[in-house]
Amino acid sequence: MTGSGSETLLPRQETPLPRRRRRRQSNWRGLAYIAPAMALVIVFFVMPVVFTGWMSLHNWPLMGASRWIGFNNYYRMLNDTRFMTALNFTAYYTVIVTIAIFAVAFPLAIFVEKERQFVSAYRTIIFLPVVVGLATASLLWVWLANVDSGFIGPALKALGLLEKSPNLLATFDTAFLTVVVMVVWKIAGFTMIILLTGLQAIPSELTEAARIDGAGRWQRFRHLTLPLMRKTIALALIVSVTGSILAFDQFYIMTAGGPQNKMISVVYYIFNQSFVSFNLGYGAALSIVLLAILMAISIVQLWLLRVGEERP
């Protein structure tokens, strides 16, 4: 205390940092946390894409100096009938295999969603093919489809369904069906897990309330399950479509693009142009176009996901 008329001295308090300064410090801290991931993305994705785009503007041989040609590689695609054929085949394969995967994975997800005896064993058995590499699975199915030493042909013959063991990889129809069956066997378990997480996220109270109100199984599935699984289905769809468009191993190993070069996918064609014909510049241009197609398809799928959603 001081004398008369003096004021009481209170303990001095620290002035809080301005809100903008605190926000700036928080932003820098967040950037520091994500810096390692950003470095990996830049080094292993952004820089290769930029370099591929630069290559696509050149006549880039395997040996010798490259030569600037501008957009000639992109103009060349417009008259490349083999690329258009590969693009059409890839689109056809993507539609067929995506429908087949969902037709198998969705019933399996519904089957293993409820707790029942041996359900963990069922989930494990269905998921097991996923851990097998795609190249290994392709080699396995080449052996299974072998006309002499395989399993499928002799089994069909032993059951009396065919008079002799067929060469499943000799014609387009049977080879395409064999590839599709192999991919469904390999991938359906992964899609099942994605859909299973969506099913388990649906509150049981909603399902029980719909059942009490008299809704049947199909009504509950159509008006309750599907709307609540929009995002899960979209994720599984994007993964399936992207993987199908980038298909390469199964065609390279199982059919080598045959029979009669009818099973050459876009990635297989890019591989041939880049590492068989050594047209690295043209292969780079094809890769950039494929990346643009994938981005456009993903954007459309995400936009369709938003259609019909309630906005706040």
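Student: In which helix is threonine 90 found?

Tutor: Threonine 90 is found in helix α3; a helix here is a DSSP run of H or I with at least four residues, numbered from the N terminus. This is a predicted model, in which local features need pLDDT of at least 70, side-chain atom pairs count only at pLDDT 80 or more, and totals for chains, interfaces and linings use all residues. Residues are numbered from 1 along each chain as its sequence is written, and side-chain values use heavy atoms, with hydrogens and water left out.

Student: Why does threonine 90 count as buried?

Tutor: Buried means under 20% relative accessible area, exposed over 50%, and partly exposed in between (1.4 Å probe, protein chains only). Threonine 90 has 3% relative accessibility and therefore counts as buried.

Student: Which residues does threonine 90 touch, leaving out those up to four places away in sequence?

Tutor: Threonine 90 touches Ser244, Ile245, Ser265 and Val266, where contact means heavy atoms within 4.5 Å.

Student: What makes a set of residues a nonpolar core?

Tutor: The members are buried Ala, Val, Leu, Ile, Met, Phe, Trp, Tyr and Cys residues joined through side-chain atoms within 4.5 Å. The largest such core has 40 residues, of which Tyr93 and Phe251 touch the most other members. Helix α7 gives the largest share of this core, eight residues.

Student: Which residues does phenylalanine 251 touch, not counting residues up to four places away in sequence?

Tutor: Phenylalanine 251 touches Phe89, Tyr93, Val179, Ala256, Gly257, Met263, Ser265 and Tyr268. A second, separate core of 15 residues includes Val112, Ile126, Leu199 and Met229.

Terms used:
Helices (H or I, at least four residues) and strands (E, at least two) are DSSP runs, numbered from the N terminus.
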